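Visitor: Hi! I have a protein model open and would like someone to walk me through it. Could you help me find my way around?

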Amino acid sequence: MSSSAASTAPSPLLAALRGEPVSRTPVWYMRQAGRSLPEYLKVREGVGMLESCMNADLITEITLQPVRRYGVDAAIFFSDIVLPLKAVGVDLDIKPGVGPVVASPVRTLEDVAAIPDLTPEHVPFITQAVRNLVGELGETPLIGFAGAPFTVASYLVEGGPSKEHAKTKAMMFGAPDVWDALMRKIGGIAAAFLEVQVDAGARAVQLFDSWAGALTPADYAEHVMPHSARVLASAGELGVPRIHFGVGTSNLLDLMGEAGADVVGVDWRTPLERGIAAVGDRGVQGNLDPTLVFAPTEVMLARAAEVIEAGRAAKGHVFNLGHGVIPSTDPDQLARLTEFVQSYPLD
């Protein structure tokens, strides 16, 4: 077990992730590091997304910003799903308004073999940033982050974002040998990326599968779940709690838990009660609709109370939005939401 995992510093987040009793529900927000914060926009002026994800000082500053502003119960490591690919030499960029764009999409076994495995030497800025953060955060835990194999594979195969994932599914169904090799490659990179973060001091991890909701349960179970399971198993060997989140995955929650998660993220489309029933003897994370921060404060807080009350039935519950913070979110509303959740007693 890593030294970070063995830390005994009190944390409601870590307790909830482990299914231990808490006096209040811990709270953090996906994409809290950046997006809507004016201080984030200021430090990112003239700096590309991937460039900012490869600068230890910027990573540190951006990750800390929401902790300073809101006092949330966890910091989420500022990075991007495709950053590990960039780090090992894949020719890609993140284009504003588009997303990740890959110069030469993967088509063959030779294309897969040309992608190097990730080692700590590829990402010294990650190690440095995590060490910086651990020194600044004190008892507030840092959550490590990686993209799940299916989502990262979809970018490599499609060459960029896709709504249909037609090329991705064509490979999955029509070239299973290439698909399996690609998923094993990406899974290995994701596991190594998480290990770098945990070894440097991250105390929990989240595996984020943006596009898994495009799959049927049968296809997920056969073609995707084994690869995510290997990543989560690798993280489990490091001794840290594991969160597994997907978008539009109401029909996959049981499988995502079975893949090896301690806590399953439930997006805003699924009532939390239903999510709790689906994941079984595991914790849940979520799941306030991100658009509710645009509603009148009393409406937002009333809905947040419903989420907290529903979460009582879970083995453990971490309050979060049901997806990431929307860029036009008013930071003051998130501050009010954070204060409300942290002051809502469970006793």
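**A walk through the core and beyond**

Guide: Happy to! Let's start at isoleucine 126, which touches Cys53, Ile59, Phe77, Leu83, Phe193, Val196 and Gln197, leaving out residues up to four places away in sequence. Keep in mind that this is a predicted model.

Visitor: Okay, and which residues have the most contacts inside the largest nonpolar core?

Guide: Those are Ile126, Leu182, Phe319 and Leu337, in a core of 127 residues. Helix 10, residues 176-200, supplies the largest share of this core, with 14 residues.

Visitor: Let's look at helices then. At what angle do helix 7 and helix 10 pack?

Guide: The angle is about 35°, and their axes are 8 Å apart. Helix 7 covers residues 124-137, and the crossing it makes with helix 10 is right-handed.

Visitor: Which residues make the contact?

Guide: From helix 7 they are Ile126, Thr127, Val130, Arg131 and Val134. Helix 10 brings Phe193, Val196, Gln197 and Ala200.

Visitor: Is histidine 165 buried or exposed?

Guide: Histidine 165 is buried, because its relative accessible area is 2%, under the 20% cut-off. Arginine 35 has a relative accessibility of 29%, so it counts as partly exposed.

Visitor: What else is in the loop between helix 1 and helix 2?

Guide: Glutamine 32 lies there. With 2% relative accessibility, glutamine 32 counts as buried. Apart from residues up to four places away in sequence, glutamine 32 touches Leu37, Pro66, Val72, Ala74, Ala75, Ile76 and Val325.

Visitor: New topic: how many aromatic pairs are there?

Guide: The count comes to six. In one of them, tyrosine 40 and phenylalanine 78 have ring centres 6.0 Å apart and planes at 70°, so the pair is edge-to-face.

Visitor: Where do tyrosine 40 and phenylalanine 78 lie?

Guide: Tyrosine 40 is in helix 2 (residues 38-43), while phenylalanine 78 is in the loop between strand 1 and helix 5 (83-88). The pair therefore ties together parts that are 38 residues apart in sequence. Tyrosine 40 is buried, at 8% relative accessible area, and phenylalanine 78 is buried too, at 4%.

Visitor: Which residues do ring pairs link into a cluster?

Guide: That cluster links Phe145, Phe208 and Phe245.

Visitor: What does the side chain of aspartate 73 make a polar contact with?

Guide: With the side chain of arginine 24, at 2.7 Å. Neighbours within four places in sequence aside, the residues in contact with aspartate 73 also include Pro12, Thr25, Thr140 and Gln342.

Visitor: And aspartate 111, which helix is that in?

Guide: Aspartate 111 lies in helix 6, residues 109-113. Aspartate 111 counts as partly exposed, at 29% relative accessibility. Beyond its neighbours within four places in sequence, aspartate 111 is in contact with Pro105 and Val106.

Visitor: One last thing: which peptide bond is cis?

Guide: The one from glycine 286 to asparagine 287 is cis, with omega near -10°. You'll find asparagine 287 in strand 8, residues 283-288.

How values were computed: Residues numbered from 1 in each chain as written. Predicted model: local features only at pLDDT ≥ 70, side-chain atom pairs only at ≥ 80, totals over all residues. Heavy atoms only, no water. Polar contact = N/O pair within 3.5 Å; in protein donor to acceptor, adjacent residues only side chain to side chain. Contact = heavy atoms within 4.5 Å. Phe/Tyr/Trp six-rings, centres within 6.5 Å; stacked < 30°, edge-to-face > 60°. Helix = DSSP H or I, 4+ residues; strand = E, 2+ residues; numbered from the N terminus. Buried < 20%, exposed > 50% of the residue type's maximum accessible area, 1.4 Å probe, protein only. Core = buried A, V, L, I, M, F, W, Y, C linked by side-chain atoms within 4.5 Å. Axes fitted to C-alpha atoms, helices over the stretch in contact; angles between N-to-C directions. Left-handed = near helix turned anticlockwise from the far one by under 90°.
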